[in-house]
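Me: Please discuss the structure below in questions and answers.

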Amino acid sequence: MKIDRIELRELPMRLRFPFQTSFGVEQERRILLVTLYADGLEGFSECVAGAFPGYSSETTDTCWTIIERFVAPRLVRRSFATPDELLHALSDVRGHDMAVAAVEMAFWDLQAKALDVPLWVLLGGRYRPIPVGVSIGIQESVEATVAVAARHVAEGYKRVKLKIAPGWDVRVVAAVREALPETPLTVDANSAYRLTDARLLRELDAFGLDYVEQPLAHDDLVDHAELQRQLATSICLDESVHSPEDARKGLQLGAGRIINLKVGRVRGFRRARQVHDVAAAFGAPVWCGGMLESGIGRAANLHLSTLDGFTLPGDTSSASRYWERDLIDQPLEATDGMQIVPSDGPGLGVTLDRSFVEARTTRVETY
Ligand code: OSB
Ligand code: MG
């Protein structure tokens with residue numbers, strides 16, 4: 001397919017509530033939408049980078065700049081038969097995986113539309129309902145956390161994940177576990193601890209958690225391996241895994257036993273599939289993470305989640321949890337903790353609410 005042009009579009013979108021993690025509070029998402037034009041078709045994606053470089057070093061602004069200055073010039077007016085070929089044209093761009101992923105993902109949508117198949121078919125998935133959980137940010141009080149968790153369990157969500165940070169860990173986990181003794185429960189530290197906190201983290205073993213997500217630094221597989229040796233609870237790696245090689249090294253070292261797979265963090269769908277395959281070779285489960293996406297990014301996550309190795313509930317909770325109004329026409333709502341893979345047409349299977357997107361756009365450029 002010959003890429004005629006790439007459009008970048010920024011839309012500020014306000015979350016319904018502030019989402020607090022160990023690295024900061026997010027309420028205003030600066031959504032970066034990418035459209036690839038080829039053969040009279042449009043491929044869409046949403047860049048997962050945040051406005052602030054807290055989760056990763058990339059941001060909405062760095063992604064825009066990288067795509068404008070280095071990605072678009074290597075792609076526009078050139079032809080690519082496969083995502084592999086497209087990635088090859090970007091192989092000299094080191095890092096900036098979220099920026100590259102945004103373009104690679106739009107190319108997959110484009111290809112699926114050209115072939116008139118749903119994206120999950122092209123990805124090699126199996127159509128099935130997707131079990132999902134919720135990720136609960138740091139709240140004002142333990143009581144508030146218990147109430148939010150209980151509400152989501154009553155809604156049918158299959159797993160509750162609590163964000164933790166030093167000073168907000170054992171107490172809140174104990175209270176939620178007491179209120180919800182049967183619920184699959186996990187925690188996510190977003191790199192807030194050090195190996196010297198191992199004694200405290202070992203206290204979490206008492207609560208039967210399915211995993212502790214990314215307790216240590218984003219670049220520290222060695223200390224994660226040491227911590228895993230000291231914990232009964234499985235470690236799930238998120239920020240540590242940017243490539244199939246990271247996955248292999250992490251699993252080989254015993255730095256964790258589970259991977260949170262985010263397509264934007266690993267440079268797109270092709271590498272996400274490779275990470276998925278590496279995990280499968282180790283017998284390690286993966287699950288699909290979230291980055292507070294709007295409908296475009298959530299649809300992409302649901303298609304990816306159809307691959308067989310996604311055996312744990314993902315973070316693609318209902319769009320209405322985060323958004324007053326989404327920027328697609330289809331409501332991506334979980335029913336009884338299950339999401340349906342969007343299927344209104346080929347590719348991502350969703351359609352943009354164009355008048356809403358136009359009204360919300362604060363910046364648009366075509367390359
Ligand atoms: O670590 O999984 C994370 C949100 C933003 C950045 C990082 C993370 C998260 C979440 C929210 O946990 C997941 C979601 O519901 O989209
Ligand atoms: Mg995480």
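Me: Which domains does the domain assignment of the protein chain give?

Reply: This is a predicted model, in which local features need pLDDT of at least 70 and side-chain atom pairs count only at pLDDT 80 or more, while totals for chains, interfaces and linings use all residues. Residues are numbered from 1 along each chain as its sequence is written, chains are lettered from A and ligands numbered from 1 in written order, and side-chain values use heavy atoms, without hydrogens and water. The bounds come from an automatic or database domain assignment. That assignment gives domain 1 (5-117 + 351-362) and domain 2 (122-339).

Me: How many residues does the contact take from domain 1 and from domain 2?

Reply: Taken over C-alpha atoms, the centres of the two domains are separated by 22 Å. With contact meaning heavy atoms within 4.5 Å, 40 residues come from domain 1 and 43 residues from domain 2.

Me: How many charged residues does the shell around ligand 1 have?

Reply: A residue belongs to the surroundings if one of its heavy atoms lies within 4 Å, and 16 residues surround ligand 1. Both domain 1 and domain 2 supply at least three residues to the shell. By class, six are nonpolar and three polar, and the charged residues number seven.

Me: Which side chain has an N or O atom 2.9 Å from an oxygen atom of ligand 1?

Reply: Polar contacts here are pairs of N or O atoms within 3.5 Å. For the side chain of Asp238, the distance to a ligand 1 oxygen is 3.1 Å. The 2.9 Å distance belongs to the side chain of Ser135.

Key:
Polar contact = N/O pair within 3.5 Å; in protein donor to acceptor, adjacent residues only side chain to side chain. Nonpolar A, V, L, I, M, F, W, Y, C, P; charged D, E, K, R; others polar.
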